[in-house]
Amino acid sequence: MNLAVAAPWSFIAPFSRPNPYNRFSSSPVGLVRSFSLPMEPHEPPKRVVVCGGGVIGVCTAYFLAKKGAVVTLVEKCDIACAASGKAGGFLALDWCDGGPLASLTHASFHLHRSLSQELNGSQSYGYRPLTTLSVSFTESDNPTYTSKSSSGSTLPSWVDGPGGSSRTIGTPETTAQVHPQLFTRTLINWAVENHGVEVVIGKLEHVKLEEGKIGGVVLEGGRVIDGDAVVLALGPWSSSLEILSSLFRVYGLKAHSIVLRPKEASAITPHALFLRYYPSQGGKPIDLEVYPRPTGEVYLYGMSAEEEVPDDPAEVRGHLESIEMLKRVARTVSSHLGGEAEVKVEQACFLPCTDDGVPVIGQMPGMKGCYVATGHSCWGILNGPATEAAMAELVIDGYSSIVDLKDFSPARFVGRRAYKS
């Protein structure tokens with residue numbers, strides 16, 4: 001099999017065409033000063049192979065490159081071709097407080113803000129703070145639309161479906177958003193242009209491991225990429241690699257989404273909706289999410305369930321009934337999201353989940369130089385920056401100062417069964 005290998009500058013071409021956010025043209029300075037400093041002059045740069053072209057892998061390459069590593073990123077399909085290109089891009093500061101993700105989430109939320117300042121995120125990938133509402137709606141067969149914003153409701157005027165009620169659960173100080181695909185591609189563009197990160201399109205066959213030490217990776221077709229360290233950021237495909245699946249399980253939660261373009265896009269204000277939807281014929285309520293984007297598009301997400309993950313990300317398809325439910329919800333919630341609104345995208349993706357609900361971040365036990373970062377579930381876009389800023393420190397310096405990674409270590413699975421009985 002011939003592998004399609006992209007040299008750094010040729011790789012940029014697919015992502016250099018104009019996008020709605022006017023891709024940045026200036027070269028940003030360091031996000032965090034420690035990541036702008038190269039390794040000690042007398043030390044040769046560490047060669048690191050990052051496997052996975054989603055937000056976690058790309059953030060890894062970005063922060064490693066800023067620390068002076070020579071980075072090769074291997075991706076089977078395309079940058080942000082799976083969940084990182086189909087997610088909602090919602091960011092929350094304190095929604096994970098009280099659990100193991102709290103410190104990671106706080107650090108990452110603030111890193112997103114810093115990244116936006118460095119990379120002109122408001123223009124290049126749609127970063128913006130926003131108000132977030134918890135909303136309840138009951139489906140109506142013949143909805144009558146009435147704006148509730150003038151009656152003291154917290155609902156914005158475009159959320160005009162019958163019977164809606166709401167409360168504020170996030171402010172512009174605590175919630176924000178990015179366009180996940182453009183965010184991921186902006187980071188890899190920057191890393192390629194400014195630090196010569198090489199991107200290779202090819203399928204990972206196995207990791208080179210000799211006497212407990214990593215030596216690089218082997219791709220399908222036989223190409224060998226040598227490295228002093230390997231970072232495995234394979235998302236829901238992590239369990240396809242035996243060195244990972246023998247220790248822990250990562251399963252795929254299949255989630256559906258649609259992207260709409262309302263006829264009057266200017267009427268859609270920056271309010272994210274976490275929606276509890278009661279079907280007209282009874283039954284369990286459905287939880288969905290609605291994210292307007294600065295482009296004028298509106299993203300709706302929901303209808304998720306655990307399913308087997310196909311080998312090829314390009315084979316992921318949504319279920320028709322789930323897509324149709326999202327359209328029904330859109331029509332009920334807002335007159336702007338039904339009728340003449342254009343349905344631009346109907347899609348599905350797999351979120352990587354672990355059995356204990358906690359991401360796996362750290363060095364694999366007994367495998368010097370082999371690192372893993374996966375299992376971020378629905379918080380991958382939010383927690384990508386802090387996860388991989390910490391990972392870059394761990395790979396280069398031997399420890400992380402940004403976030404304590406103890407609770408995320410793959411060593412926590414030693415002695416457990418990798419799969420549920």
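A salt bridge here is a side-chain nitrogen of Lys or Arg within 4 Å of a carboxyl oxygen of Asp or Glu. Keep that cut-off handy, and remember that you're looking at a predicted model.

**Exercise 1. Work out which residue Lys 344 pairs with in a salt bridge, and which parts of the chain the pair ties together.**

Solution. 
- Step 1: Look for the partner. Lys 344 forms a salt bridge with Glu 297, and their closest N and O atoms are 2.9 Å apart. That is within the 4 Å cut-off, so the pair counts.
- Step 2: Lys 344 sits in strand β18 (residues 342-354), while Glu 297 is in the loop between β16 and β17, so the bridge ties together parts that are 47 residues apart in sequence.
- Step 3: Lys 344 is partly exposed at 40% relative accessibility, whereas Glu 297 is buried at 11%.

**Exercise 2. Find the salt bridge between Glu 297 and Arg 261, and say where each residue lies.**

Solution. 
- Step 1: Start with the distance. The side chains of Glu 297 and Arg 261 meet in a salt bridge at 4.0 Å, N to O.
- Step 2: Now the places. Glu 297 is in the loop between β16 (286-292) and β17, and Arg 261 is in strand β14, so this pair links distant parts of the chain, 36 residues apart.
- Step 3: Arg 261 has a relative accessible area of 28%, which means partly exposed.

**Exercise 3. Describe the surroundings of Lys 67 and name its polar partner.**

Solution. 
- Step 1: Lys 67 is found in the loop between α3 (55-66) and β3 (70-75).
- Step 2: With 7% relative accessibility, Lys 67 counts as buried.
- Step 3: Its side chain makes a polar contact of 3.1 Å with the side chain of Asp 397.

**Exercise 4. Trace the aromatic rings around Phe 274 and classify its pairs with Trp 95 and Tyr 291.**

Solution. 
- Step 1: The count for the structure comes to 10 aromatic pairs.
- Step 2: Trp 95 and Phe 274 have ring centres 4.9 Å apart and planes at 65°, so they are edge-to-face. Trp 95 is in the loop between β4 (90-92) and α5 (102-119) and Phe 274 is in strand β15 (residues 271-278), so the pair ties together parts 179 residues apart in sequence.
- Step 3: Phe 274 and Tyr 291 have ring centres 6.1 Å apart and planes at 65°, so this pair is edge-to-face too. Phe 274 in strand β15 and Tyr 291 in strand β16 are 17 residues apart.
- Step 4: Compare the cover. Trp 95 is partly exposed at 28%, Phe 274 is buried at 18%, and Tyr 291 is buried at 3%.
- Step 5: Ring pairs link Phe 90, Trp 95, Phe 274, Tyr 291 and Tyr 299 into a cluster.

**Exercise 5. Follow strand β11 and name the residues that pair with Val 218 on each neighbouring strand.**

Solution. 
- Step 1: In β11 (residues 213-219), 5 of the 7 residues are buried.
- Step 2: Strand β10 (residues 204-210) runs antiparallel to β11, joined by 6 bridges. His 206 has Val 218 as its bridge partner.
- Step 3: Strand β12 (residues 224-226) is also antiparallel to β11, with 3 bridges, and Val 218 stands opposite Val 224 there.
- Step 4: Check the turns. The hairpin of β10 and β11 has 2 residues between the strands, and Glu 211 has a positive phi of about 50°. The hairpin of β11 and β12 has 4 residues between the strands, with Gly 221 at a positive phi near 105°.

Definitions and conventions. Residues numbered from 1 in each chain as written. Predicted model: local features only at pLDDT ≥ 70, side-chain atom pairs only at ≥ 80, totals over all residues. Heavy atoms only, no water. Buried < 20%, exposed > 50% of the residue type's maximum accessible area, 1.4 Å probe, protein only. Polar contact = N/O pair within 3.5 Å; in protein donor to acceptor, adjacent residues only side chain to side chain. Phe/Tyr/Trp six-rings, centres within 6.5 Å; stacked < 30°, edge-to-face > 60°. Pairing = 2+ DSSP bridges.
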